Amino acid sequence: MIRRSARTALATAACGAVLAGGLAACGTVQQLNAADKVSKAFETFGSGKSFSAKLSVDATAAQIEAFGAATGEEIDKDSAAALASVSLSIAFSADKPLKDIQPTKGAGSGNGAATAADPSVSASYTLTGKGGAPLAELRQVGGKAYARGDLVGFAKLVGQNAAEVEGLAEGLPAPLGNALKGQWVSFDLKAPEGAGGTGGAAATPTPTLDPKAAENLNASLKDILTRDLSFEEKGKQDGKDRITVTAPARKLTDDLLKAVEPLAKDIPNLAELPKSAPSKVPDRPLALDLYLDGGALSAVTFDLAQLEEKAGGTPLPLRIAFGHDTPAVQAPTGATELSSEDIGGLLGQLAAAGGGAGGAGGAAGAAAPLTDAQIKELTRDGAMNEEQVRLYNSLGLGYQDIKDLADLKA
């Protein structure tokens, strides 16, 4: 239940934040003071050379247990403690303002290879547990990726027996095993030769949007934002300006779906979108709280209780804290470089350990090439793009293994 609610809330929070940002171009709402502040706060995004965000459950273990009890889905003490302590952080930095970064040249060229990393952009993704200890960390610096994890720490977080998972690291080649014990490894982000091999089938070029259609969509979104979103200043909280953004969830979803429907013929994946809001979208207003510090967006919170009628007012807020002009992402020192064969072996063994039915091929890294229909199915929900799917396949993961990864990402 927590997973379902969290996924829905994350999507709602992200969409609400992006939609509110669109008000920067909407002259009508500029007349409203609260909307004007939100609009200007979002204008600061991309103006700096670095940016960070941290997602967490803004509640204690006891509050999480209470939420579970109120909704009829028991959350045990250990699980509640894990949810209260875990957080996911991302950071980006570049040598110029982020808004000036252009898409990587050659993206969507149709050769089936994974898009090359832009060496001018550095990024990091960190999953932390109790006390802020990193459980998994990935960095991208100068076209290379760096990774490390704490397999035992992660096992403890999710309530698994640490002794049972230690053998996984011991059974891998030394660099890979050490990476799961907290030591850095590195690898080239460029896709290995043959990453796009699917029996000669060429990758589908990235669809482009007609400028007139893009202009019409932009106008429609402005109109939707003006009609559906409302803003209210709630004064100061912890020294930050608090502004509540409210929207009728079902109506907003319906309006957005209608706005993008004309583009379905140009962007195939849009054809899979429903024609109206799914039944799980609540037919009532939902609210996001935005916190502004010196005019810049400091945080966004969304209460999961809004999605659960049984919650009865028992709160469970998600929080996204933002950082501006943060320290640049740096490459770690002392990383051991991995070959594509090492990576293929790791993915194969992990898939085999998970009981994948897609023919991952174990340490050998061999997997049956995906068909066009399988690729379409794996990219349908947007959790992965075609280049990522083809790269995983070339590294030894079969259809079912990649599907399991996509489900986790979603």
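**Around aspartate 255**

Author: Leaving aside residues up to four places away in sequence, aspartate 255 touches Ile224, Arg227 and Asp228 (contact here means heavy atoms within 4.5 Å). Bear in mind that this is a predicted model, where local features need pLDDT of at least 70, side-chain atom pairs count only at pLDDT 80 or more, and totals for chains, interfaces and linings use all residues. Numbering starts from 1 along each chain as its sequence is written, and side-chain values use heavy atoms, with hydrogens and water left out.

Aspartate 255 sits in helix α9; helices (H or I, at least four residues) and strands (E, at least two) are DSSP runs numbered from the N terminus. Aspartate 255 is buried, at 13% relative accessible area (buried is under 20%, exposed over 50%, partly exposed in between, with a 1.4 Å probe and protein chains only).

Now for the neighbour, helix α8, residues 211–228. The α8 and α9 axes come within 10 Å and cross at roughly 170°; axes are lines fitted to C-alpha atoms, for helices over the stretch in contact, with angles from 0 to 180 degrees between N-to-C directions. That makes α8 roughly antiparallel to α9 (over 145 degrees; under 35 is roughly parallel, 65 to 115 roughly perpendicular, the rest oblique). From α8, the contact takes in Leu217, Ser220, Leu221, Ile224, Arg227 and Asp228. On the α9 side, Asp255 is joined by Lys251, Leu252, Leu256, Ala259 and Val260.

One more side-chain detail: arginine 319 lies over the face of tyrosine 291, 5.8 Å from the ring centre. To count, NZ of Lys or CZ of Arg must be within 6 Å of the ring centre and within 35 degrees of the ring normal.
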